[in-house]
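User: I'd like to go through this model with you and hear what the labels rest on. Can you take me through them one by one?

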Amino acid sequence: MKTSLVLRQDSNDGLPFEPSTVPRTRQNRMDAVLGVMLLLLLAASPLRAADPLKENPKALPLPAIAENWKQAEVLLLKGLESGLEESSDLYEALARSAFHQDDLERAESYLAKSLAIDRENAEAYATSLAIHQKKGDWMQGLQAAEKALALNPQLARAYYYAGKLYADQLLWEEAVESFRKLLSLNPRYPNARLEFAGVLLEA
């Protein structure tokens with residue numbers, strides 16, 4: 001029996017994940033718990049708020065070892081081998097882990113699988129935006145930003161990378177607008193105020 005995971009949307013990054021089925025065997029229960037914990041691990045990036053419980057009382061506490069992206073990726077892949085059901089959200093989580101390891105080629109490979117399953121996954125487009133911003137791909141990054149925010153106008157992570165993308169192009173007015181929107185959604189978004197201050201100095 002495979003265990004699928006369903007993404008519960010909230011006002012910021014659309015996390016955490018929940019099991020959509022209850023496994024009947026001990027091994028399947030272990031696989032389900034592993035999958036949920038790994039996705040939570042991937043969710044707890046430096047881009048998340050320090051205390052998600054204050055923003056979303058239904059959210060689960062996030063593991064303290066969130067930045068060990070390589071270990072999370074390896075274990076999540078083992079979860080797939082153990083029967084964790086493939087999903088767009090799962091491959092997006094893998095893409096995010098590869099992105100934080102600076103392996104953009106692998107991240108794009110995971111994203112291709114994510115979007116092949118669900119072309120309407122806003123999180124996947126936000127991760128695509130992050131990748132293109134890091135690569136300096138202005139037009140592709142802009143397209144990913146527009147798609148992510150069209151699907152989810154409350155997706156804080158998309159505004160963060162859109163702000164960085166605009167700043168890279170010296171489009172200060174657009175960068176200011178993106179960071180202002182981000183901070184209106186999440187005033188404690190990590191690194192956002194520092195990035196915003198740098199943009200304001202240039203604007």
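This is a predicted model: local features need pLDDT of at least 70, side-chain atom pairs count only at pLDDT 80 or more; totals for chains, interfaces and linings use all residues.

Analyst: Let's start with burial: a residue is buried under 20% relative accessible area, exposed over 50% and partly exposed in between, using a 1.4 Å probe and protein chains only. Helices are DSSP runs of H or I with at least four residues, strands are runs of E with at least two, and both are numbered from the N terminus. Residues are numbered from 1 along each chain as its sequence is written, and side-chain values use heavy atoms, with hydrogens and water left out.

User: What makes H4 largely enclosed by the rest of the structure?

Analyst: The count does: 12 of the 13 residues of H4 are buried, so the helix is largely enclosed by the rest of the structure.

User: What makes the pair of phenylalanine 99 and tyrosine 161 edge-to-face?

Analyst: Rings of Phe, Tyr and Trp (its six-membered ring) pair if their centres lie within 6.5 Å; planes under 30 degrees apart are stacked, over 60 edge-to-face, and the rest tilted. Phenylalanine 99 and tyrosine 161 have 6.0 Å centre to centre and 85° between the planes, so they are a pair and edge-to-face. Phenylalanine 99 is in helix H4 and tyrosine 161 in helix H8, 62 residues apart, and both are buried.

User: Why is the pair of tryptophan 138 and tyrosine 166 called edge-to-face too?

Analyst: Their ring centres are 5.9 Å apart and the planes are at 65°, so edge-to-face it is. Tryptophan 138 lies in helix H7 and tyrosine 166 in helix H8, so this pair ties together parts 28 residues apart in sequence. At 21% relative accessibility tryptophan 138 counts as partly exposed, whereas tyrosine 166, at 18%, counts as buried.

User: How do you know that lysine 134 lies over the face of phenylalanine 99?

Analyst: A charge sits over a ring if NZ of Lys or CZ of Arg is within 6 Å of the ring centre and within 35 degrees of the ring normal. Lysine 134 is at 4.6 Å from the ring centre and lies over the face of phenylalanine 99. Lys134 is also among the contacts of phenylalanine 99, along with Leu104, Ala107, Ala130, Ile131 and Tyr161, leaving aside neighbours within four places in sequence. Contact here means heavy atoms within 4.5 Å.

User: What makes a set of residues a nonpolar core?

Analyst: The members are buried Ala, Val, Leu, Ile, Met, Phe, Trp, Tyr and Cys residues joined through side-chain atoms within 4.5 Å. The largest such core has 47 residues, of which Leu94, Phe99, Leu129, Ala158, Tyr160 and Leu182 touch the most other members. Among the elements giving two or more residues to this core are helix H3 (69-81), helix H4 (88-100) and helix H10 (192-202). H8 gives the largest share, nine residues.

User: How do you know that the buried residues of H10 are on the same side?

Analyst: The buried residues of H10 are Ala192, Phe196 and Val199. They cover an arc of only 60° around the axis, which puts them on the same side of H10; the arc is that of the directions from the helix axis to the C-beta atoms. Leu194 and Leu201, on the other side, are exposed. The cover over the buried residues includes H8 and H9.

User: Why is alanine 192 called buried?

Analyst: Its relative accessible area is 0%, so alanine 192 is buried. Not counting residues up to four places away in sequence, alanine 192 touches Tyr160, Phe179, Leu182 and Leu183.

User: What makes leucine 170 exposed and asparagine 191 partly exposed?

Analyst: Leucine 170 has a relative accessible area of 57%, so it is exposed, and it lies in the loop between H8 and H9. Asparagine 191, in the loop between H9 and H10, has 41%, so it is partly exposed.
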